[in-house]
Amino acid sequence: MRATIMTRGSPALAVSTICVLAVAFLLIWLLPTPYAFRGIANYLPIHMALEGFSIVVAMLVFAVTWNAYSSERPGNVIIIACAMLAAGMIDFVHMLSFKGMPEFITPSGAEKAINFWLAARFLAAFALLVVAVRPWTPLPSPRWRYALLTVGLAITALVSWVGLFHQEALPRTFVDGTGLTPIKIGAEYLIVTLLIVPASIFFLDARRGAAYDAAGLFTAAAVSILSELSFTLYKDVTDIFNLLGHVYKVIAYLFIYRALFVSSVHQPFEKLKDEIAMRKSAQDALRLSRDRFRTLVDATSQIIWTTDAKGHVTDDIPSWRAYTGQTWDEVRGAGWGDALHPEDRQRTYEVWTQAVQQRSLYDIEYRLRRHDGEYRWFSVRGVPVIEPASGIREWIGSCTDITMHKRAEIALRAAGTYARSLIEASLDPLVTISPEGKITDVNEATVKVTGVPRQKLVGTDFSNYFTEPQQARSGYREVFEKGYVTDYPLTICHTSGRLTDVLYNASVYRDEAGTVLGVFAAARDVTERKRSEAAARRLAAIVESSEDAIISATPDGRISTWNAGAQRLYGYRAEEIVGRPILDLVPPERASEENRILDQVRAGKHVDHYATVRCAKTVRR
């Protein structure tokens, strides 16, 4: 992992520096002080020295930051560097335009110099604001730094063009004999306002221990505030506040220099020191890993083995010898293969030879003879250890006993075969459906009822095999929603056109985690039942429409059905008479006759037509 290394200052030291400079500012402001220099001729060299020094610092900050920048470093440093380049170039024009300097394209003067000064200060303040607000992360693309450089140069060109050729379009900032105009003072206070925000953010980041030199940038922003305040107080371009403002600007630039330039110079050395420490740590970790590996080889129940680059055993394998009972002379070279099951040897040699030749993963299962003569299943994996310069150095691998897993696998396969036999033995069509509605498995009964082979059914839409596909689709969706359906009616269509009425009972099935994997559905053929029900309905309709009175009774002599003919003959409605004894329709003197008839019916005997007398609802005999 790479980290951005920055030389970080102390928040307490930064605050102390600000306090000292603020006290100096207050003393100069409150105490009566004469002009530090008399006349522009005396002040001009110091102004040039201060501006020249700050311009050199700005150029150095840009040059070193630009050339030391790498894609993993925060893009904020490039933003500051490009802003410092633009501010430095504008400061250069400011210096050449200062009152008392020779004519630079247009006559020099206080107002001309002030305009360039304000532009440079606005640019620097805005850059610090952007850097404070933006996360300290790399630029989205390396090309962005060229875009930032272009913007900086464009701003410099625009400011120079306006300040040199269109000064009359700008508001007045200084009047000889009067001093600063409200516009100039307001602009300085606006710059101060802009600087307060990044100064606050940098201070908070410094208290939180930010990865960048937040304390240094806080000091730079705070000193810049003192500088701008100084430029709201001077009455003449040569007075003490003008000088103080320039001194504070130089101090602010030095703190930016410390935060970016020095950290950029120190960064390669800090990285080198970290890399040396990391390399030593890696060597120690490698040594510890080797010691652990040796201990693991001796203590593990697995068999850990190594061979040379050609696949020959050249170093002793104690765990192999302990398990197989072979001697070192029996193991060395390719002798280890003698401990394999005779049926597995040839296949194992072929797979091992292919892996060595292709430098690929060696993965196989074979039976290995234990020292007591029992053969047990092992899973064997081996990989080449490759060095970039020399190729394969050695092979290393392990043998893991999977006998119990194999036995469980056989038992599971047997259980699966048994379960499949039960499914195929079912006369009902059985099917499993995926959450997408596709058939994933069927039994032979499904093949017979659809006329479609199993391999063609699997993977197709479940609803394709019914007379009403939409109803079928709604059915399995209901299962996924509710978890089950019961007696869901559908009609399966055979490829020959034969229709089979079925009732589906279905439920979802899940994995061990409870995730729904699909639907298991069983169809019960109800075609014959429907035919019987239809026949019964037809018979009932015939009985109901008959003009004759047709009555049925239970074995114990209670009326169970009553048609319209019986209602017309006897006068009773069905709801009045059903459930009552049939003897209620028989005159008392003929009760024995009815009991004799009922006995014959119970005995399964046929009763021929006979004449008798019965009681209607309105007449009793």
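**Exercise 1. Find which residues make the nonpolar surface patch of about 440 Å², and state where Phe165 is placed.**

Step 1. Ile105, Leu158, Trp161 and Phe165 make this patch. To join a patch, residues need over 30% relative accessible area and no salt bridge; nonpolar side chains (Val, Leu, Ile, Met, Phe, Trp, Tyr) are joined within 5 Å, like charges within 9 Å. Areas come from the Shrake-Rupley method with a 1.4 Å probe, and for residues only the protein chains shown count as cover.

Step 2. Phe165 belongs to helix H5 (residues 144-165). Helices (H or I, at least four residues) and strands (E, at least two) are DSSP runs, numbered from the N terminus.

Step 3. Phe165 is partly exposed because its relative accessibility is 46%; buried means under 20%, exposed over 50%, and partly exposed in between.

A word on the model: it is predicted, so local features need pLDDT of at least 70 and side-chain atom pairs count only at pLDDT 80 or more, while totals for chains, interfaces and linings use all residues. Residues are numbered from 1 along each chain as its sequence is written, and side-chain values use heavy atoms, leaving out hydrogens and water.

**Exercise 2. Work out which residues of H19 are buried, and how they sit around the axis.**

Step 1. Helix H19 (residues 591-602) has 12 residues and reaches 17 Å from first C-alpha to last, close to the expected 16 Å. The expected span is 1.5 Å times one less than the number of residues.

Step 2. The buried residues in H19 include Glu593, Glu594, Ile597 and Leu598. They lie on the same side of H19 because they cover an arc of only 135° around the axis, taken from the directions from the helix axis to the C-beta atoms.

Step 3. Just after H19, Gly604 has a positive phi of about 85°.

**Exercise 3. Describe the salt bridge between Asp401 and Arg376.**

Step 1. The side chains of Asp401 and Arg376 meet at 2.8 Å, N to O. A salt bridge requires a side-chain nitrogen of Lys or Arg within 4 Å of a carboxyl oxygen of Asp or Glu.

Step 2. Asp401 lies in strand E6 (residues 391-401) and Arg376 in strand E5 (residues 375-387), so the pair ties together parts 25 residues apart in sequence.

Step 3. Asp401 is partly exposed at 34% relative accessibility, whereas Arg376 is buried at 13%.

Note on methods. Buried means under 20% relative accessible area, exposed over 50%, partly exposed in between (1.4 Å probe, protein chains only).
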